[in-house]
Amino acid sequence: MRVGVAPGQIRLESLSKSYGRVTALDGVDLEVRAGELITLVGPSGSGKSTILRLIAGLDRPDAGRVLVDGKDVGRVPPHRRAIAMVFQDYALYPHLTVRDNLLFGLRVRRVPRAEADRQARAAAERLEIADLLDRYPDQMSGGQRQRVALARALVRDPSVYLLDEPLASLDAQLRFATRTDLLAMHQELRTTMVHVTHDQAEAMTLGDRVVVLDRGRVRQVGPPQEVYDEPADVFVAGFLGSPPMNLVVGGGVLGDAPGLTLGVRPEDLALDPEGPIEVTVEAMETLGSEAILLTRARASTRDPAAAAAAAAAGAGVRLTVRTGPRHGVRPGDRLRLRPDPARIHRFDTETGRRR
Ligand SMILES: Nc1ncnc2c1ncn2[C@@H]1O[C@H](COP(=O)(O)OP(=O)(O)OP(=O)(O)O)[C@@H](O)[C@H]1O
């Protein structure tokens, strides 16, 4: 029996990369499965684009290896890797029409004219830009340019797509529409896609798995809902979710827990007249389908460090609550909250790790 590796599988082994004194990647291990859409997410400077550049061969690692389909590609130049990259700023050739932008890569590869035309048209139709083939990039909207950039990647017929914040410069509505297109494109092609974003909402919706990065290290890898429900550490807990998880050192109003930090997401705090936590509403945002209440509780804790921290801050713990839009609450109101006991997260305060 032949044991092969499916095309488009990527393995990163102990990848490290520094720029001068800046450590961009610090021992990254990651396996991207063939055909998977995986999203790298993390704050600015966490190393996301560096990972893409190393996979594409645009940069070389200081240590570690990149394997594509089981082969070390360290010595393979970028144009020989079966990889297409799409950037936030489209990177279209401004002096070429859409048609010629699409044909460019095919001409470089000496694909016969008729076949190249056929492939360019198929990609344009796939991304619904067939009526724009004679336009120049500056004659199109941002969303249209992004579709052209995706179509150009498509005609290369790569075994891996690297997408570096392709939706970042689109407005909210277009972003949603293009995100849906990208998902449909992946579902149809089933080609490996590594997508980078710093937008945690995008990471939740776009990807079979999400990789959370922080300062050049992988903090957690898993299906988005799993990472959201069981963050591996305080960093991931605070990063994924908007508004972020409420985190209370020592537990405080969430329950006395010396040495631990307890967390609860805004949607897991219910308004309940019998609830154990008394808070004052300081501000609120009503968003149509939901409301966010910014409240402040009195810290009740026996953890001396937490009590001192709360006292030093001059007030009680802030708790953000997500609730329905028709709550009848006003700033200044006193309310009671009940945390869902099954949804309290426990972290070691010293290491930050989930307990
Ligand atoms: N060519 C370079 N020269 C110097 N420093 C660099 C270079 N490229 C990246 N860095 C640094 O390496 C770190 C990681 O950068 P990288 O672009 O991978 O982050 P990122 O997570 O993609 O960030 P962003 O979301 O802002 O694009 C940053 O501190 C960055 O300043």
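1. Of the 355 residues in the protein chain, 39% are buried; a residue counts as buried if 20 or more other C-beta atoms, placed from the backbone, lie within 10 Å of its own. The model is predicted: local features need pLDDT of at least 70, side-chain atom pairs count only at pLDDT 80 or more, and totals for chains, interfaces and linings use all residues. Numbering starts from 1 along each chain as its sequence is written.

2. The chain is split into domain 1 (10-234) and domain 2 (243-348), with bounds from an automatic or database domain assignment. Taken over C-alpha atoms, the centres of domain 1 and domain 2 are 39 Å apart. Along the principal axes, the C-alpha atoms of the chain fill a box of roughly 75 × 45 × 45 Å.

3. The secondary structure comprises 9 helices and 18 strands, where helices (H or I, at least four residues) and strands (E, at least two) are DSSP runs, numbered from the N terminus. Among contacts with a separation of 6 or more, 66% are between residues 24 or more positions apart; a contact requires C-beta atoms, placed from the backbone, within 7 Å.

4. The residues around the ligand (C-beta atom, placed from the backbone, within 6 Å of it) include Tyr-19, Gly-42, Lys-48 and His-198. Strand S2 (22-32) and helix H1 (48-56) each supply at least two residues of this shell, and H1 gives the largest share, 3 residues.

5. By class, the shell around the ligand holds 3 nonpolar, 8 polar and 1 charged residues. Here Ala, Val, Leu, Ile, Met, Phe, Trp, Tyr, Cys and Pro are nonpolar, Asp, Glu, Lys and Arg charged, and the others, Gly among them, polar.

Conventions:
Buried ≥ 20, exposed ≤ 12 C-beta atoms within 10 Å, placed from the backbone. Contact = placed C-beta atoms within 7 Å.
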